[in-house]
Amino acid sequence: MNDQTAFIPGLELSRRFYQEAVRPLLQAYYPNLHHAAALIGPGSEVLGFDTPMSTDHCWGPRLLLFLGDLDWPAVREAVHETLARHLPPQFLGYSTHFSEPDPQDHGTQLPQIPQPGEPLNHRVEIHTLRGFCLDLLGWDMDTPLTAADWLTFPQQKLLSITAGAVFWDEVGLEELRGRLAYYPQDVWLYLLAAGWARIGQEEHLTGRAGFAGDELGSWLIAARLVRDCMRLAFLMERVYMPYPKWFGSAFARLGCAAELAPHLQGVLSAPAWQEREPHLCAAFECLARQHNRLGLTEPLDEQVRRFFGRPFRILGAERFSTALLAQIRDPEMQQIAAHPPIGSIDLFSDNTDLLEPTEWGEKLRRLFL
C-alpha cells in the first residue's frame, strides 16, 4: 500500500481479488475444478473491524480456497504455483506478495514488492473443509457434534468460521457454516445459566470489599462483573464473542448496548463503591428484563434487593441460573447440568495458550464427560 492508495475494507478487497484476479485464472487453467472461495478465519477484516492501521501486516489481497477431498492432494500445489506465476504483483494498489511467516512473531507476514519475474508468495490459502476444521477446532466435520465439543470450542474460533464472507461455494462451505452458526438450544440454555451463576458468585462482593476499605479490590470485582454482564449480553442475543481486542467493539453492535453500556461505563468510572453499586444494579436489572423478554423461563422478578441485612444490593442472579437449568431437556446436557454450571471454555479461562491450540481439546472435553 502506498500513501495514495485509498483504504478498502478487507472483505471488499478480498471479494474483488477473487472475482477479478483469482477466479479468471481458475476458469482458464482449471475450468472443471469445484471449489469454494471465502474470507474467513483469523483477521480483523473477517469481523469487519479493520482500519488503515491494519494494513501494516498480515493484511492485503488474500482469501481462502477450499477444494474437495479428492481434488486437494492432486492439484493443490499446481493451483498454488499457477497463482504464484500469474497473479498480478499488485491489486488495487496493494501488494499481493508477502514475506515468509516469521516464526518469532506469531507467523506475521509483511507485504513486499517482488523482484521482476519472481513467483509471488501470495496469500491464497488452499484447504479442504475437513482439514480447516481439524486445524482450527480439532474437530472432524464428518463426526456428529457433541455437547462437549460445543463447550470446548472457543467462541472466537466459531465466530471466525461463521463471520466473514463466502464468494463462491461448490463444496459445502455454507452448509458447514450453517452447522456452526450458533449453539443448539440446550447448550445455549446451559451457557446462559452459567453466565448468571458467575454473576451470582460475585455480585455482592463489590460492596463488601468497598465497605472494608478496599476500593481497588471493589473496582477489580466490579470490572469482572462488567465483563460478565457483557458476555451474558452476547449470549442473550445469540452472537459469538470475538477475542479481547474487538470485544468492546462487537458489544457496541448488540441491540442492548445502547441501554446497557452507559451503566457499565458508570461502574468503571465511579470513584467509590457507593457510586459504583447503583450502576451495577441498573445493569443487572437491564439483563433481567432482557431475560424475561426471551421467554425461556417463567417471568422472574427483575428488581434488586438487599443482600441479607447488609447494606449491599444484589439481583439474586442464581435464581435465573436455576430457572434456566430446569428447562434443559437433552439427556447429554442434563448430565452435564447435574454438576455446578462452569459454562464453556470462554467462561472459565481467557488464557490464549489454552484457547488457541487444539491439543487441549481432548483433555478439556473430559470436564463434561
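Modeller: Ser 14 counts as buried because its relative accessibility is 1%; buried means under 20% relative accessible area, exposed over 50% and partly exposed in between, with a 1.4 Å probe and protein chains only. The model is a predicted one, in which local features need pLDDT of at least 70 and side-chain atom pairs count only at pLDDT 80 or more, while totals for chains, interfaces and linings use all residues. Residues are numbered from 1 along each chain as its sequence is written, and side-chain values use heavy atoms, with hydrogens and water left out.

Ser 14 lies in helix 1, residues 10–29. Helices (H or I, at least four residues) and strands (E, at least two) are DSSP runs numbered from the N terminus. With residues up to four places away in sequence not counted, Ser 14 touches Leu 39, Arg 62, Leu 63 and Phe 167; a contact means heavy atoms within 4.5 Å.

Helix 4 (residues 129–137) also has buried residues, namely Leu 129, Phe 132, Cys 133, Leu 136 and Leu 137. These residues lie on the same side of helix 4 because they cover an arc of only 95° around the axis, the arc being that of the directions from the helix axis to the C-beta atoms. An α-helix has 3.6 residues a turn, so residues three or four places apart point the same way. The cover over the buried residues of helix 4 includes strand 2 (62–67), strand 7 (123–127), helix 6 (155–162) and helix 7 (173–179). Just after helix 4, Gly 138 adopts a positive phi of about 70°.

The largest nonpolar core holds 109 residues, and Val 22, Leu 65, Tyr 183 and Phe 251 have the most contacts inside it. Helix 10 (residues 215–236) supplies the largest share of this core, eleven residues. A nonpolar core is a set of buried Ala, Val, Leu, Ile, Met, Phe, Trp, Tyr and Cys residues joined through side-chain atoms within 4.5 Å. Phe 251 touches Met 230, Ala 233, Phe 234, Ala 257, Leu 260, Ala 261 and Leu 264, again without residues up to four places away in sequence.

For the protein as a whole, the secondary structure comprises 18 helices and ten strands. Of its 369 residues, 52% are buried. Among contacts with a separation of 6 or more, 72% join residues 24 or more positions apart. Along its principal axes, the C-alpha trace spans about 80 × 50 × 35 Å.
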